[in-house]
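Thanks for coming. I will walk through one structure, part by part, and give the cut-offs as the terms come up.

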Amino acid sequence: MRVVAGSVKGIPLRAVPGNSTRPTTDKVKESIFNMIGPFFDGGYALDLFAGSGGLGIEALSRGIDHVIFTDKDKRAVETIHANLEKVRLTDRAEVHRADAERALKAIKKNGVQARLLFLDPPYHMKKSYDLMDQAGELGIVTEDAVVVCEHDREVELPDRTMYFERYKKELYGSTMISIYRYQGEEGEQVD
């Protein structure tokens, strides 16, 4: 596992010890960023269920200004800190050991608006994908926000949610990547 492109390209990242997380492979990570970027001119990103922090670190390397990482697993949080130190990007990140839903409420209080949201929960936690609509409801995403959902091929996510519309879906082995764009509340037009 390494940073695929950008300012810290090629630096290897540590995986979370044990079997509690599934690191996104470099091939899938590269495909994700080719679909959503591949590079950015600033803004905030949220990496919920961050695991090793690979997706958020990739976003920082490719031009996102600041990433908020959350994971409730202590070993994951330690791994994210170690990886951020390794790539020397600690000054552009916040790491919180928290439940994702609680983290969204804290982010709202801090007035952050993200243009990029990574949702990669444990595959059995299907209700976690509802967090993208919660982010829309809380107003913590920009009008051009993109959500990247990584899920099992057996988990069918909707093409349209209350705030987001899926515009890309790709299968990589047993992993499905669904990419959503913010559309505003159903019926509301976003320019």
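The buried residues of H5 are Leu131, Met132, Asp133, Gln134, Ala135, Gly136 and Leu138. Buried means under 20% relative accessible area, exposed means over 50%, and partly exposed is in between, with a 1.4 Å probe and protein chains only. The names H and E come from DSSP runs, numbered from the N terminus: helices are H or I runs of at least four residues, and strands are E runs of at least two.

Before I go on, the ground rules. This is a predicted model, where local features need pLDDT of at least 70 and side-chain atom pairs count only at pLDDT 80 or more, while totals for chains, interfaces and linings use all residues. Residues are numbered from 1 along each chain as its sequence is written, and side-chain values use heavy atoms, with hydrogens and water left out.

Back to H5. Why is H5 described as largely enclosed by the rest of the structure? Because 7 of its 8 residues are buried. Those buried residues pack against E1, H4, E4, E5, E6 and E7. Just after H5 comes Gly139, with a positive phi of about 75 degrees.

One of those partners is a helix, so here is the general point: two packed helices are described by the angle between their axes and the distance between the axes. Helix H4, residues 100-109, packs with H5, residues 131-138, at an angle of about 20 degrees, and their axes are 10 Å apart. Axes here are lines fitted to C-alpha atoms, for helices over the stretch in contact, and the angles run from 0 to 180 degrees between N-to-C directions. H4 and H5 are therefore roughly parallel to each other. On the scale used, angles under 35 degrees are roughly parallel, over 145 roughly antiparallel, 65 to 115 roughly perpendicular, and the rest oblique. H4 passes H5 in a right-handed crossing. Right-handed means the near helix is turned clockwise from the far one by less than a right angle, and left-handed means anticlockwise.

Which residues meet between H4 and H5? From H4 they are Ala100, Glu101, Leu104, Lys105 and Lys108, and from H5 they are Leu131, Gln134, Ala135 and Leu138. Contact means heavy atoms within 4.5 Å. By class, the contact of H4 with H5 has 5 nonpolar, 1 polar and 3 charged residues. For the classes, Ala, Val, Leu, Ile, Met, Phe, Trp, Tyr, Cys and Pro count as nonpolar, Asp, Glu, Lys and Arg as charged, and the others, Gly among them, as polar.

Next pair. The axes of H1 and H2 come within 11 Å and cross at roughly 50 degrees. H1 and H2 are therefore oblique to each other, and their crossing is right-handed. On the H1 side the contact is made by Lys29, Ile32 and Phe33, and on the H2 side by Gly54, Leu55, Glu58 and Ala59. The residues of this contact of H1 with H2 divide into 4 nonpolar, 1 polar and 2 charged.

H1 itself runs over residues 26-36, and its buried residues are Val28, Lys29, Ser31, Ile32, Phe33, Met35 and Ile36. What covers them includes H2 and the strands E4, E5, E6 and E7.

Now the loop between strand E1 and helix H2, where Ser52 lies. Is Ser52 buried or exposed? Ser52 counts as buried, at 7% relative accessibility. A polar atom of its side chain lies 3.5 Å from the backbone nitrogen of Gly54. Leaving aside neighbours within four places in sequence, the contacts of Ser52 include Met1, Ile57, Thr79 and Asn83.

Asn83 is found in helix H3, residues 74-86. Asn83 counts as buried, at 0% relative accessibility. With the neighbours within four places in sequence left aside, Asn83 is in contact with Leu13, Arg14, Ser52 and Ile57.

Last, some backbone details. Most residues other than glycine have a negative phi, and most peptide bonds are trans. Phe49, in the loop between E1 and H2, has a positive phi near 55 degrees. Phe49 is buried, with a relative accessible area of 16%. Arg88 has a positive phi near 60 degrees and lies in the loop between H3 and strand E3. Arg88 is exposed, with a relative accessible area of 72%. Gly37 and Pro38 are joined by a cis peptide bond, with omega about 0 degrees, and Pro38 is found in the loop between H1 and E1.

Conventions
A polar contact is a pair of N or O atoms within 3.5 Å; within protein, one must be able to donate a hydrogen and the other to accept it, and residues adjacent in sequence count only if both atoms are side-chain atoms.
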